Amino acid sequence: MSVAPRTDGVLVDRFGRVARDLRVSLTDKCNLRCTYCMPAEGLPWLAGPELLTDAEIVRLVRVAVERLGVTEVRFTGGEPLIRPGLVGIVAAVAALEPRPRISLTTNGIGLDRLAPALRTAGLDRVNVSLDTLDPDRFAQLTRRARLDAVLAGLAGAAAAGLNPVKINSVLMRGVNEDEAPALLRFAVDHDYQLRIIEQMPLDAQHGWDRSTMVTAEEILASLRTRFVLSPDPAERGAAPAETWLVDGGPARVGVIASVTRPFCGDCDRTRLTADGQVRACLFATEESDLRAALRAGADDDDLARRWRTAMWGKRAGHGIDDPTFLQPTRPMSAIGG
Ligand code: SAM
Ligand code: SF4
């Protein structure tokens, strides 16, 4: 294997993985305060000039698509729906050649209103985060009483044709750990695809505790009390979710066991933060500052070269189980989940 990053072509790392899936954080701000993500008072947000402008985001995505072989672009945050230029950014990315697939991870608030415009602009799919169907629990978990808005957002996304609409859920012990079957019933009944994610050490408060995390094994056991789950014959590829057919199909459910069954060996992701830093991994401790390069006048070739170098250094795995594991300084909301 070569010992230096390639000077042209795709984003390959020293272990031979190729990153084709770009996650772009559009803002670190959010209108919810999920307890597993950020504290009640919020965080010191990035200042306006630190954020990439809409044009800078589109330029960097264009470099990724045209020069680095990126074929999937997902917008996230923070809460991407609160970025004023979102529809225009999606439209500009949809006009790139070759056109990437475009998706959005959102808490769903305001999606009922925005979904038609996003669909028209070229958005293909959405993932809506929803951890509970109980209004009181929702208010406890997100510190805002907005369950109705999220449910309206889900319905609006489906009505606008952003299918398949996926739901991302995180279970927390003592809060909503018993809710996996109810969430799956709701998803199956509405033709949404549920994916339950193991909680990761990415909260700003550093409160994650492996010993209290609800594991994939527990999630599956809980689902099996109400449903028959059989292995999904579809190819998993680089998808983080392991999927099962529900009661013989065609409905499916996914479990993302980032902690107990890491899929780092198949990872095909590269990340761009709202302030223009490339990260090779959610758990990376290094970043590469494309914003500084871009604002200093770097041309597209130079930006592409820096991005390749950043990805070449991607570690083999996240190392959550290593005794030396260090949680990244940036919380999930500032990286882009
Ligand atoms: N605000 C949007 C949302 O909630 O979908 C996008 C950003 S959010 C950081 C992206 C995803 O990360 C959400 O599905 C959320 O549930 C998940 N998430 C946040 N903190 C997490 C943690 N500590 N462990 C696992 N997933 C987490
Ligand atoms: Fe906001 Fe998403 Fe974090 Fe919840 S998980 S606080 S919705 S960024």
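Begin by selecting helix α9, residues 300-312, in this predicted model: its 13 residues reach 18 Å from the first C-alpha to the last, close to the 18 Å expected at 1.5 Å a residue. Colour the side chains of α9 next, and look for the buried ones, which are Asp 300, Asp 302, Leu 303, Ala 304, Trp 307, Arg 308, Met 311 and Trp 312.

Trp 307 is listed with Val 24, Val 61, Phe 75, Leu 118 and Val 126 as having the most contacts inside the largest nonpolar core, a set of 90 residues. Helix α1, residues 54-67, supplies the largest share of this core, with seven residues. Centre the view on Val 61 and show what surrounds its side chain: leaving aside residues up to four places away in sequence, Val 61 touches Leu 22, Val 24, Val 73, Val 93 and Leu 96. Apart from this core lies another, of nine residues, among them Leu 202, Trp 208, Leu 282 and Ile 335.

Finish at ligand 2, which is surrounded by Cys 30, Leu 32, Cys 34, Cys 37, Met 38, Gly 78 and Asn 107. This shell divides into five nonpolar residues, two polar and no charged.

Methods. Residues numbered from 1 in each chain as written. Chains lettered and ligands numbered in written order. Predicted model: local features only at pLDDT ≥ 70, side-chain atom pairs only at ≥ 80, totals over all residues. Heavy atoms only, no water. Core = buried A, V, L, I, M, F, W, Y, C linked by side-chain atoms within 4.5 Å. Buried < 20%, exposed > 50% of the residue type's maximum accessible area, 1.4 Å probe, protein only. Helix = DSSP H or I, 4+ residues; strand = E, 2+ residues; numbered from the N terminus. Contact = heavy atoms within 4.5 Å. Near = heavy atom within 4 Å. Nonpolar A, V, L, I, M, F, W, Y, C, P; charged D, E, K, R; others polar. Expected span 1.5 Å × (residues − 1).
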